[in-house]
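Here is a short report on one protein chain. Please look over the sequence and the model before reading on.

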Amino acid sequence: MAFFGMRKFSTPVMRPLWPFFVSGSFVLYMVSNLQDSGVRSAEWRNDPRNPYAAQIAKESIH
């Protein structure tokens, strides 16, 4: 008997949504890598608008 829409068994959440979680984490990882490679590219390495310019310059010295 369904009392106020409650059932005896739980509704699956993770089983139908696992492809979206996996693809979302993959996309987040790839966007992060693309952003990092773009910031460290030769074109933007010495640009004053680059927030990581000081960090990149410090790493290139060593």
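## Overall fold

The chain holds 2 helices and 0 strands. This is a predicted model. Helix H1 covers residues 14-39. Helix H2 covers 53-61, and a loop runs between H1 and H2.

The chain has 62 residues, and buried residues make up 8% of them.

## Nonpolar surface patch

Which residues form a nonpolar patch on the surface? They are Val13, Met14, Leu17, Phe20 and Phe21. Together they have about 530 Å² of accessible area.

Phe21 belongs to helix H1. Its relative accessibility is 47%, so Phe21 counts as partly exposed. Patch residues need over 30% relative accessible area.

## Asn50 in the loop

Asn50 sits in the loop between H1 and H2. Is Asn50 buried or exposed? Its relative accessible area is 9%, so Asn50 is buried. The cut-off for buried is under 20%.

The Asn50 side chain reaches the backbone nitrogen of Tyr52 at 3.0 Å. Leaving aside residues up to four places away in sequence, Asn50 touches Val39, Trp44, Arg45 and Ile56.

## Salt bridges

How many salt bridges does a search of the whole structure find? The search finds 3. One of the pairs is Asp47 and Arg49, with side chains meeting at 3.0 Å, N to O. Asp47 has 13% relative accessibility and therefore counts as buried. Arg49 has a relative accessible area of 64%, so Arg49 is exposed. Elsewhere, salt bridges that share partners join Asp36, Arg40 and Glu59 into one network.

The side chains of Asp36 and Arg40 meet in a salt bridge at 3.1 Å, N to O. Asp36 has 40% relative accessibility, so Asp36 counts as partly exposed. Arg40 is at 28% and therefore also counts as partly exposed.

The side chains of Glu59 and Arg40 form another salt bridge, at 2.8 Å, N to O. This pair links distant parts of the chain. Glu59 is in helix H2, while Arg40 is in the loop between H1 and H2. The two are 19 residues apart. Glu59 has a relative accessible area of 40%, so Glu59 is partly exposed.

Conventions
Residues numbered from 1 in each chain as written. Predicted model: local features only at pLDDT ≥ 70, side-chain atom pairs only at ≥ 80, totals over all residues. Heavy atoms only, no water. Patch = residues over 30% accessible without salt bridge, like charges linked within 9 Å, V, L, I, M, F, W, Y side chains within 5 Å. Areas by Shrake-Rupley, 256 points an atom, 1.4 Å probe, with all protein chains shown as cover. Salt bridge = Lys/Arg side-chain N within 4 Å of Asp/Glu carboxyl O. Helix = DSSP H or I, 4+ residues; strand = E, 2+ residues; numbered from the N terminus. Buried < 20%, exposed > 50% of the residue type's maximum accessible area, 1.4 Å probe, protein only. Polar contact = N/O pair within 3.5 Å; in protein donor to acceptor, adjacent residues only side chain to side chain. Contact = heavy atoms within 4.5 Å.
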